[in-house]
Amino acid sequence: GRKAVAVVAIAALAGAAGFGGAAAYDGLHGDGGTTTVSSLDTGKTSDTSVASGAVEKVAAKVLPSVVQINVKGSSEAGSGTGIIISSDGEILTNNHVVEVAGKGGSITVAFNDGTNTTAKIIGTDPLTDIAVIKAAGKSGLTPASLGSSADLKVGEWVIAIGSPFGL
């Protein structure tokens, strides 16, 4: 269960985080000696079967940590998704979700339990498309259990869970 939750959390964030931004950063600053993996490499394959009901179990565990983020700026508005990373309201999301609110705009967070609150931007990294916001007046939240991408293998099943557009 813990590995599955880690896979979901990492997949949701990695998929939305903009691999292009990371690639651009690596191109400009070097990649720190990371290994290149090619689809032409041969090697052991992992079992890619998924147990019946596994996706539902992961979703049930992760959904209390998933939020919808609504933003308004001076000339535009939008919404996106985020994941709770601390019990006192820190939320990991994408920079492109909150950048509209960066200059005098507003952010509202809708939680899985139906409550809403405002939030402020704590930090952003436009190059890797990551941002952290802090929900106002919240405590006792359920942070997502994040794992390590080093535990993943090419070919493993992943799912993305989020709340864009209120879905």
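Student: Among the contacts in the protein chain with a separation of 6 or more, what percentage do residues 24 or more positions apart account for?

Tutor: A contact means that heavy atoms lie within 4.5 Å, and here residues 24 or more positions apart account for 68% of the contacts with a separation of 6 or more. Keep in mind that this is a predicted model, in which local features need pLDDT of at least 70 and side-chain atom pairs count only at pLDDT 80 or more, while totals for chains, interfaces and linings use all residues. Residues are numbered from 1 along each chain as its sequence is written, and side-chain values use heavy atoms, with hydrogens and water left out.

Student: Which elements make up the protein chain, and in what order do they run from the N terminus?

Tutor: Helices (H or I, at least four residues) and strands (E, at least two) are DSSP runs, numbered from the N terminus. The protein chain has four helices and six strands, and their order is α-α-α-β-β-β-α-β-β-β.

Student: How do the six strands of the barrel run, and with what pairing?

Tutor: Two strands are said to pair if DSSP finds at least two bridges between them. By that reading, the six strands form a closed barrel in the order 1-2-3-6-5-4, with antiparallel pairing. The twist from one strand to the next averages 40°, where axes are lines fitted to C-alpha atoms, for helices over the stretch in contact, and angles run from 0 to 180 degrees between N-to-C directions.

Student: Over how many bridges do strand 1 and strand 4 pair?

Tutor: Strand 1 (residues 66-72) and strand 4 (residues 106-110) are joined antiparallel by five bridges; within this pair, Val-71 stands opposite Ile-107, and Asn-70 has Thr-108 as its bridge partner. Thr-108 also has a bridge partner in strand 5, namely Thr-118, and strands 4 and 5 pair antiparallel over four bridges.

Student: Which glycine in the turn of the hairpin formed by strand 2 and strand 3 has a positive phi?

Tutor: That residue is Gly-89, with a phi of about 110°, in a hairpin that has five residues between its strands.

Student: Which residues of the largest nonpolar core touch the most other members?

Tutor: In soluble globular proteins, nonpolar side chains tend to be buried together. A nonpolar core is a set of buried Ala, Val, Leu, Ile, Met, Phe, Trp, Tyr and Cys residues joined through side-chain atoms within 4.5 Å, where buried means under 20% relative accessible area, exposed over 50%, and partly exposed in between (1.4 Å probe, protein chains only). The largest core has 16 residues, of which Ile-69, Ile-91, Val-98, Ile-107, Val-109, Phe-111 and Ile-133 touch the most other members. Strand 1, helix 4 (95-98), strand 4 and strand 6 (130-135) each supply at least two residues of this core. Apart from it lies another core, of five residues, including Val-58, Ala-59, Val-62 and Val-66.

Student: Which residues in helix 3 are buried, and which exposed residues does the face turned away from them carry?

Tutor: An α-helix has 3.6 residues a turn, so residues three or four places apart point the same way. In helix 3 (residues 54-62), the buried residues are Val-58, Ala-59 and Val-62. They lie on the same side of helix 3 because they cover an arc of only 100° around the axis, the arc being that of the directions from the helix axis to the C-beta atoms. The face turned away from this buried side carries the exposed residues Glu-56, Lys-57 and Ala-60.

Student: Is Trp-157 buried or exposed?

Tutor: Trp-157 counts as exposed because its relative accessibility is 59%, and it lies in the segment after strand 6. From C-alpha to C-alpha, Trp-157 and Val-55 are 9.9 Å apart in space, although 102 residues apart in sequence.

Student: Where is the place of Asp-129?

Tutor: Asp-129 sits in the loop between strand 5 (116-125) and strand 6, and it has a positive phi of about 60° although it is not a glycine. With a relative accessible area of 12%, Asp-129 is buried.
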